[in-house]
Structure formats: C-alpha cells, structure tokens
Amino acid sequence: MSTDSDISKTVFYDHHLAAGGKMVPFAGYLMPVQYSSGIMQEHLHSRDNAGLFDVSHMGQIIIEGEGAAQALEKLMPVDLESLGINQQTYATLTNEQGGVMDDLIVTRWAENTFFLIVNAGCKMQDLEHIRSHLPDFDIRYLGEQGLLALQGLHAREIMAELSPEANKLVFMNGCHSTIDGIDCYITRSGYTGEDGFEISVDPSDALRLADKLLSYELVNWIGLGARDSLRLEAGLCLYGHDMNETTSPVEAGIIWSISKSRRVDGAKAGGFLGADVILGQIANGVSKKRVGFLVDGRAPVREGAEIVDQAGNVVGAITSGGFGPTLQAPVAMGYVSIEFAALGTQLNALVRGRSLPITVSKMPLVEQRYYRG
C-alpha cells in the first residue's frame, strides 16, 4: 500500500479537484480518472469538441551535446540524424533481448539538442538508462514541467486563435511559441487518434495556461479513463500492458516505428540494443503478434482474459479492453499466436467462465484524424 508521501501531484492537482475530478493513484501520481460527466461523455466530448488532458506526470527530458543523434541511435531503432529541426518521431527504447523498455516521442530542437517525452511509470529508469549510455552529454530532467494535451475536432480552431504559428504545424512537428504571453513548446501530436496539440510549459505559467484553454466553451478537462478508451479505439499501445520488456516492436505490431535505414540493407543497419533479435524477427517472422478485436454483444473483455480458438485451445491473451464509446461496442487488443492473427479470424475470449466471440479486426478500430497537411 502506498503512503501519501509516495504519491506525487502535478501542478494542476487543485484544478482537477475544483473541477470535480475523481483522483486515483497512477504511475506514482494522483491523477483524475474522470470528472462528473463520466468517461463515456468525456470520450465523446474529445471526439466532437476539444478535450484538455493533464499529462504532466510523463517525463520530459532534454539531451544536448555534440553527436547526440548518433549516441541516441544506439538506444533506439530510429534515424534521428534525418530528423529536421522541430520534427519529432515515435520511438522505442530497446533492450539487448529486443524487448521494449519504453515507448517515447523524440523531438529535434536543434542540431545537437533533443527533447524526449517518456512514460510516467518508466521515466526514472529511462533517465538512468540514458545517462549510463550517454555519460558525456548534458541530460536535464524537467521534473516539475507542465504538459497539457488539447485534443479533438475543434482543437485547431482554438489553437488558431491562441497561436496561429502552432496551428500551421502538421502532425509530428513542433515550435516554440507563446499563448497569451506564456512561453510554450507546442507540438501537433497526442495519443487519442484525434488532431491536437501537446503543450510543454513552465510550472510557474501552467495554471494560467490551463485557465486560458478552459475559457473556451468547447474545452473541458478529460480524465485518464477517456484517454485510455480513445487510445484503444485508435489502436495505440499502452506501455506495460500492450508491450513490455519481453515483447519486441515486431511482435507489438509497430514495425513501422523502425526506420528503414536501421533495418537490414539500410544505410545504418542495426547498431541499437537488441538489433540482432529485432532484425531477425523482421526477416524470419514472429510466433505471436498484437492484434485488435471487435467483440460480439455488449459485455467488455478486460486485460488478462484468455483467448481460445474454436476448439478451446488457448492461443493468446487480451492486453487492453473496454467499451468503445465511438463505436458503441466493446473493443480490445491482445496477442495471439501468429496463425490466428489474420484479419477476420473468429476467436473467443474467456470472461468469468463465459466464452465471448471476438473477431480479429483492422487497427485503428476508429479512423485516426491527425492533420498531415
């Protein structure tokens, strides 16, 4: 049992309480899982209007020094040297066994300066890992920095008023800008499948920035519950659930995150931790794979439920599951033996002794609406 002294709070904690947030422990922080309208309404509000998410619990790290791109490329299978200034990429920190230590977003701020956003539950081990492999670089952890995500159909209209420069960005690009006189770093990104922005802000200005965003009628606070259902519909992994240190990027179905230049016959093939395992899997295939599911009926299937074939043999397990408010139906993702991974495969999930029919379905389960220009 965690004590109060073990739990951290983001700079927005009092704002969440004032807004009626139900606070729960998550990754070492007290975070709002939902507000009074409930997860389903928050989810739909984010789709149809604009949701404001406090993601300040995540780790923000700046790495600076001559040759930073090449040094970081030894830890992740991406081509950082090819990134333009203010361009970002999704990446994974891999281990020597080819497993995923964490997934993260890497932004190139300058020729030799990179800005990383890592998962809350992994950030201290990530920091230690990076420092141990990059001892000669300036590595700064922004422990108190605020991070807000403005996501949804009308996010762009709001950002057009607040920062026209940021509103011109395309997906996975960023810029230094000001909002109402507040210095920010804004990227066109997020983890909901919707168009939107993530805004890094100094803690001294964070509350004023949140108030400015919430002054728009279309903007409401959204909790972790809806963030989870949104990313599930969007087919996005939740680290520690849908992938971990024992699953590779290939097994996790994110082979697209491995730059072509880092693959066999690429200009910079290999050279990252676990390269032999991961490149071998690309060449020879894997025995299991992450897939999405649509679930028959209305009952959701949850993480940990066994997946069986028509003969009752266990062929996998659910790693994320719940009700998809956009689809008005239960959705899930999980790992199955590769022979059962084809789209349209009919399987069953075991839930409280019942066998619920599930169908392997194309991800994302709900179309992503990122702005690509």
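Residues are numbered from 1 along each chain as its sequence is written, and side-chain values use heavy atoms, with hydrogens and water left out. Because the model is predicted, local features need pLDDT of at least 70 and side-chain atom pairs count only at pLDDT 80 or more, whereas totals for chains, interfaces and linings use all residues.

Helices (DSSP runs of H or I, at least four residues) and strands (DSSP runs of E, at least two residues) are numbered from the N terminus. Helix α8 spans residues 224-233, and helix α2 spans residues 39-48. The two pack at an angle of about 55°, and their axes are 8 Å apart. Axes here are lines fitted to C-alpha atoms, for helices over the stretch in contact, and angles run from 0 to 180 degrees between N-to-C directions. The helices α2 and α8 are therefore oblique to each other; angles under 35 degrees count as roughly parallel, over 145 as roughly antiparallel, 65 to 115 as roughly perpendicular and the rest as oblique. The crossing of α2 past α8 is right-handed, a term for the case in which the near helix is turned clockwise from the far one by less than a right angle, the anticlockwise case being left-handed.

Contact between residues means heavy atoms within 4.5 Å. On the α2 side, I39, E42, H43, S46 and R47 take part, and they meet G225, A226, S229, L230 and E233 of α8. By class, this contact of α2 with α8 comprises three nonpolar, four polar and three charged residues. In this scheme Ala, Val, Leu, Ile, Met, Phe, Trp, Tyr, Cys and Pro count as nonpolar, Asp, Glu, Lys and Arg as charged, and the others, Gly among them, as polar.

Nine of the 10 residues of α8 are buried, so the helix is largely enclosed by the rest of the structure. Buried means under 20% relative accessible area, exposed means over 50%, and partly exposed lies in between (1.4 Å probe, protein chains only). The buried residues of α8 are L224, G225, A226, R227, S229, L230, R231, L232 and E233. They pack against α2 and against the strands β2 (22-26), β3 (29-34), β4, β17 (314-324) and β18 (329-337). After α8 comes G235, with a positive phi near 75°.

A nonpolar core is a set of buried Ala, Val, Leu, Ile, Met, Phe, Trp, Tyr and Cys residues joined through side-chain atoms within 4.5 Å. The largest such core has 27 residues, of which L150 and L209 touch the most other members. Two or more residues each are given to this core by β4 (50-54), β10 (146-151), α5 (155-162), β11 (174-179), β12 (182-187), β13 (196-201), α7 (203-214) and β14 (219-221). Neighbours within four places in sequence aside, L209 is in contact with L148, I179, I182, C184, I199 and V201. Another core, of 25 residues, lies apart from the largest one and includes L72, M101, L134 and I139.

Helix α7 also holds R208, which is partly exposed at 41% relative accessible area. Beyond neighbours within four places in sequence, R208 is in contact with D180, G181 and I182. R208 and I182 are 26 residues apart along the chain, and their C-alpha atoms are separated by 8.4 Å.

In helix α5, A155 is buried at 0% relative accessibility. Its contacts, leaving aside neighbours within four places in sequence, are N49, A50, L150, D195, G196 and F197. From A155 to R262, 107 residues away in sequence, the C-alpha to C-alpha distance is 35 Å.

Several backbone features were also identified. Phi of M172 is near 70°, a positive value in a residue other than glycine. M172 lies in the loop between α6 (164-167) and β11 and is buried, with 14% relative accessible area. N86 likewise is a residue other than glycine with a positive phi, near 70°, and belongs to the loop between α3 (68-73) and β6 (88-94). A cis peptide bond, with omega about 5°, joins M363 and P364.

P364 lies in the segment after β20 (354-361), and Q368 lies in the segment after β20 as well. Q368 is partly exposed, at 27% relative accessible area. Although Q368 and E194 are 174 residues apart along the chain, their C-alpha atoms are separated by 6.0 Å. Apart from neighbours within four places in sequence, Q368 is in contact with G193, A234 and L236.
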